[in-house]
Amino acid sequence: MMDKREIIVRRVAQEFKDGDVVNLGIGMPTEASNYVAPGVQIWLQAESGMIGCGPEVEPGNEDPDLIDASGAFITAMPGAAFFDSTLSFAMIRGGHVDITVIGALQVDEAGNLASYMIPGKRMMGMGGAMDLVVGAKRVIIAMEHLTKTGDFKLMKRCTMPLTGIACVDLVVTDLCVLEFVNGQLHLRECFPGVSPQQVLEASQAHIEVPAHVGVMKV
Amino acid sequence: MDKRITFTQAAQAVNDGSSLMVSGFLDAGHPQNLIRALREKNVRDITLISLDAGNERCEVYYFIQDGHVGHMIVSHIGRCPAASDRVIDGSMTLEFSPQGTLCERIRAGGAGLGGFLTPSGIGTEVEKGKQIIEVAGKPYILETTLRADVAFIRAQKADRYGNLYFRGNTRNFNVAIATAADYVVAEVLEYSDEPLPGESVHIPGLFVDAIAVVEDK
């Protein structure tokens, strides 16, 4: 049986089209690069100043001058390019990145995203997330549907500090796929064995349920 | 003119209360030897401007942990728990700036601009206390620029003119930072009297005041 993270990142990877420029956030989103469909080549952009990021290197072959945004030692694909942070963020803010995949603490029904700070816990900082959510053509959220303690993450209104407003396009969880259309959250697919009713019960946000809901194949 | 100095000499440029820009995305392009020399000098109350707070592979991680920093302007400190702890215990203050905004504030500071407009952070805590300006119906935050007394950067190669060449994805904040401080020191792994090919110069020597060559690589 697949774990929740694998379900989520396998489904996220289906969104990648051949030639897409994709920026993957630290943590779970990074794993989506392991499940890109055969025949699809994506260009992984790292805000650290690289496009054409390859897989992590085998231990012993680390190059200290080649790391991804989470600090892992990686390889460069043929055609890779290096640049400084100002050009990297010109790509990001300027609409040159097709898809960004980001983890979330909360997403609300207005498409607002909270992802970088849990009040009262150790501070992390937003890194490049605020630039990515305003600039990428599509913002895909990869997150478990509920918190580890069973609390809602799909909210009426985010209660944690926001990363961006009205910025989310697609939400992929272990239960379902949700899409924002004209500022409203629509249920697109349910994981096999999960009913729309179960999704609604696991969400505080208002969700539109169309007559036909697809099956989430992973 | 020979721009070479020792790491100890470089550390003399930073004093209690100085503002200091430090390059690096975690350890990639991070001036480990310059910060190590500065840790030995034991300065206090530094205003540190950097992309992140480093991880356990970075000298800046220990520079923060040991309490040399009074104020920090940064985009991410997730790999340096001591940075958060120091803010919570009151021994350091901190301003978060989104990463793209932070490097543009430095770039603008080095490029003679008065500020710039960005959509990053609209509707978030980042916009608090800042002017919002609408252009063609879209709101932007007016962000101000950053400069520092001293910048510490790190390149692969330097020539006698201070021209710098970078390997892999180590350029990150190095390029912007090199333009935005009164005194810029580059730590380099290789030094050559012969000039670098002009096409391979990522930072022209006019931005580089001094070079410290890493002997023990």
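This section describes the fold of chains A and B and the interface between them in a predicted model.

The secondary structure of chain B consists of six helices and 11 strands. Along the principal axes, the C-alpha atoms of chain B occupy a box of roughly 55 × 40 × 25 Å. The radius of gyration of chain B is 17 Å; this agrees with the globule rule, because a compact globule of 217 residues would have a value near 17 Å.

In chain A, 10 strands form an open sheet with mixed pairing. The strand order is β4-β3-β2-β1-β5-β8-β10-β11-β12-β13. Strands of a sheet pair through backbone hydrogen bonds, in either a parallel or an antiparallel sense. Within the sheet of chain A, strand β5 (residues 99-102) and strand β8 (residues 138-142) are paired in the parallel sense, over four bridges. Val101(A) is placed opposite Ile140(A) of β8(A).

The interface involves 43 residues of chain B, which are in contact with 38 residues of chain A. The size of an interface is often expressed as the accessible area lost when the parts come together. For chain B and chain A the buried area is about 3,300 Å², and carbon and sulfur atoms give 59% of that area. On the side of chain B, Phe25(B), Phe96(B) and Asn169(B) together supply 18% of the area that the chain buries against chain A, more than any other three residues.

Polar and charged interactions were also counted across the interface. Between chain B and chain A, 19 residue pairs are in polar contact, with both residues at pLDDT 80 or more. Three salt bridges are found across the interface of the two chains. A salt bridge joins the side chains of Arg167(B) and Asp63(A), with an N to O distance of 2.7 Å.

The elements of chain B that give two or more residues to the side touching chain A are α4 (81-88), α5 (99-110) and α6 (174-179). Of the elements on this side, α5(B) gives the most, with six residues. By class, the side of chain B that touches chain A comprises 16 nonpolar, 18 polar and nine charged residues.

Notes. Residues numbered from 1 in each chain as written. Chains lettered and ligands numbered in written order. Predicted model: local features only at pLDDT ≥ 70, side-chain atom pairs only at ≥ 80, totals over all residues. Heavy atoms only, no water. Contact = heavy atoms within 4.5 Å. Buried area = accessible area lost by both parts, 1.4 Å probe. Salt bridge = Lys/Arg side-chain N within 4 Å of Asp/Glu carboxyl O. Polar contact = N/O pair within 3.5 Å; in protein donor to acceptor, adjacent residues only side chain to side chain. Nonpolar A, V, L, I, M, F, W, Y, C, P; charged D, E, K, R; others polar. Pairing = 2+ DSSP bridges. Rg over C-alpha atoms; globule rule 2.2 N^0.38 Å.
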